[in-house]
Amino acid sequence: MADRPNHMDPEEFRQAGYQAVDWVADYMARLGDLPVMADVEPGHIRGKLPAEPPTRGEDFADVLADLDRVILPGLTHWQAPGMYGYFPANTSGPAALGELISASLGAHGAMWTTGPSVTELEQHMLDWLVTALGLPEAFRGNGVITDGASSSTLCAILAARAKAGGNEKLDQMVAYTSDQAHYSIAKGLRVAGIADSRIRPIATTPDYAMRADHLAYEIVKDRNDGLIPFFVGTTVGTTSTTAIDPIPELAWVASNFDAWIHVDAAFAGTAALCPEMRFLNAGLEDVDSYLFNPHKWMLTNLDCSVFYVADRADLLNAMAVEAEYLSEGTAATSTTDSEHETVDYRDWTVALGRRFRALKLWFVIRHYGTEGLRAHVRRHIAWASDLANWVEADDRFELVAPQVLSLVCFRHTDGDEAGRRIMDTVNRSGRAFMSHTTLDGRFILRVAIGSPQTERHHIEELWNLIQSAA
């Protein structure tokens with residue numbers, strides 16, 4: 001029996017690290033040759049794993065060998081150049097290195113005192129993003145990083161609930177969102193104690209954007225019934241089609257009834273790096289909260305969601321809870337005893353434990369610069385425009401939604417079965433993966449361009465596959 005754990009000493013870590021980085025670099029080099037979609041049956045991966053854990057530690061080289069033998073066959077390669085499904089989940093070299101260092105530091109960012117660098121770098125990166133994306137000045141100093149859009153949205157809902165009266169008035173609260181909004185809004189409302197019957201579906205335009213007149217109608221009706229309209233969940237870049245809700249009009253309606261208005265720009269928000277795409281920010285100066293995910297399209301790996309509020313007091317009222325065991329040595333926090341304010345981010349989100357996510361964001365922004373990040377976005381939008389033009393020029397297909405960003409939505413004119421056949425053929429090829437949605441009861445093909453490894457010739461290859469399958 002070992003009398004002490006077999007920790008890696010610094011030199012052992014160095015040697016294992018060289019092996020791990022070599023493995024990652026080789027993986028990045030061969031991504032284009034791997035089948036995009038995992039081709040295994042349920043239970044295949046577990047069947048290759050021992051039934052019991054090892055009693056004695058194993059050599060790191062053996063672990064890496066099993067990474068190739070066991071794990072790699074069961075991966076869908078989200079960074080592959082032929083990955084067009086869902087929305088992108090970008091990573092990059094600098095993001096991976098930032099994650100490595102963050103994991104190695106093991107820093108804890110619950111409070112300023114548990115990691116001043118963790119807190120202050122996070123504050124500064126979020127202020128950098130206010131500048132880089134042209135966001136409202138009200139967001140400066142009022143941002144926090146969460147693990148994902150679902151968590152960010154839940155924070156917004158909880159802040160809105162507290163502002164509207166909290167648990168004492170919960171049974172009277174009503175929320176509003178469209179059927180094009182991400183499911184995380186409905187899920188967050190349910191977690192916050194809002195009954196499904198108190199979530200109002202708001203009608204959309206032919207372009208799938210929420211209608212402000214319908215929102216006003218529903219709110220007035222609920223107010224007349226003695227209910228409290230407390231939350232409006234809107235979207236800039238819906239999941240199905242990247243539809244853009246009319247935020248200025250919706251914010252005007254919400255403000256007239258003291259309802260919190262939240263904007264989910266999880267994918268689309270990154271595009272505002274480009275000045276020509278700043279129309280995506282219209283109306284944000286009038287909203288209560290906003291999110292976007294650098295881990296979708298900004299070359300920063302999962303997980304990294306940026307969440308802003310216009311007034312942090314509303315968020316703190318919902319989240320801050322005192323605990324004596326957290327007060328040790330923290331008397332100086334959340335004060336302005338110097339020219340710089342300190343914050344305890346544990347009071348801004350649900351989680352107490354907080355990883356050093358800002359480090360990888362810092363690495364990414366410093367490596368690429370804002371111009372490099374803009375180039376990344378512009379290339380994808382341009383290629384999506386090319387694909388949309390090819391679709392329109394082929395009378396077998398029709399576009400079903402405007403192409404604004406890097407998503408193209410279209411259908412086969414022969415109907416749903418033809419669309420399913422095309423998607424299945426493309427996905428079975430191993431060269432590409434695409435996903436679908438349903439609009440007005442019809443099967444719609446989606447091509448979301450966003451992988452950092454994708455080049456224009458990959459889009460041409462995809463179009464050839466689609467045409468051959470049509």
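Let's start at D440, which is exposed, with a relative accessible area of 63%. Here, exposed means over 50% relative accessible area, buried means under 20%, and partly exposed is in between, all with a 1.4 Å probe and protein chains only. D440 sits in the loop between β10 and β11 (442–448), and its phi is near 50°, a positive value in a residue other than glycine. Helices (H or I, at least four residues) and strands (E, at least two) are DSSP runs, numbered from the N terminus.

Before going on, keep in mind that this is a predicted model, where local features need pLDDT of at least 70, side-chain atom pairs count only at pLDDT 80 or more, and totals for chains, interfaces and linings use all residues. Residues are numbered from 1 along each chain as its sequence is written, and side-chain values use heavy atoms, with hydrogens and water left out.

Another positive phi, near 60°, turns up at L299, again a residue other than glycine. L299 is in the loop between α10 and β7, and with a relative accessible area of 1% it counts as buried. D303 belongs to the loop between α10 and β7 (305–309) too, and the peptide bond that leads from L302 into D303 is cis, with omega near 0°.

Now for the inside. A nonpolar core is a set of buried Ala, Val, Leu, Ile, Met, Phe, Trp, Tyr and Cys residues joined through side-chain atoms within 4.5 Å. The largest one here has 101 residues, and those with the most contacts inside it are L129, L189, F230, F231, Y290, Y308 and L405. Pick out F231 and look around: leaving aside residues up to four places away in sequence, F231 touches A156, I157, A160, V174, A175, Y176, I185, L189, A259, W260 and H262. A contact means heavy atoms within 4.5 Å. There is also a second, separate core of 23 residues, with Y84, A384, L387 and V426 among them.

Grid points are joined across faces, edges and corners, and a volume is the space filled by probe spheres set on the points.

The largest pocket has a volume of about 920 Å³. It is lined by 32 residues, and V24, M28, T91, S92 and A96 lie nearest its centre. Two or more lining residues come from each of α1 (10–30), α3 (60–71) and α4 (93–105), with α1 giving the largest share, ten residues. By class, this lining has 21 nonpolar, ten polar and one charged residues. For that count, Ala, Val, Leu, Ile, Met, Phe, Trp, Tyr, Cys and Pro are nonpolar, Asp, Glu, Lys and Arg are charged, and the others, Gly among them, are polar.

The second largest pocket has a volume of about 500 Å³. Its lining takes in 28 residues, and Y86, F87, H182, T239 and K296 are the closest to its centre. This lining divides into ten nonpolar, 14 polar and four charged residues.

The largest cavity, with a volume of about 90 Å³, is lined by 15 residues, and P81, G82, R431, A432 and E461 lie nearest its centre. The second largest cavity holds about 40 Å³ of space, and its lining is made of W78, M83, G85, F87, P88, A448, I449, G450 and S451.

Have a look at H77 as well, in the loop between α3 and α4. H77 is buried, at 4% relative accessible area, and it touches Y27, L31, L34, P35, V36, L72 and M83, again not counting residues up to four places away in sequence.

Finally, how many disulfides does the structure hold? The count is zero, where a disulfide is a pair of cysteine sulfur atoms within 2.5 Å. For C304, the closest cysteine sulfur, in C155, is 14 Å away, so that is too far for a bond. C304 counts as buried, at 0% relative accessibility, and C274 also counts as buried, at 0% relative accessibility.

Key:
1 Å grid on protein atoms, 1.4 Å probe; cavity = no way out; pocket = protein on both sides within 12 Å on 5 of 7 lines; lining within 4 Å.
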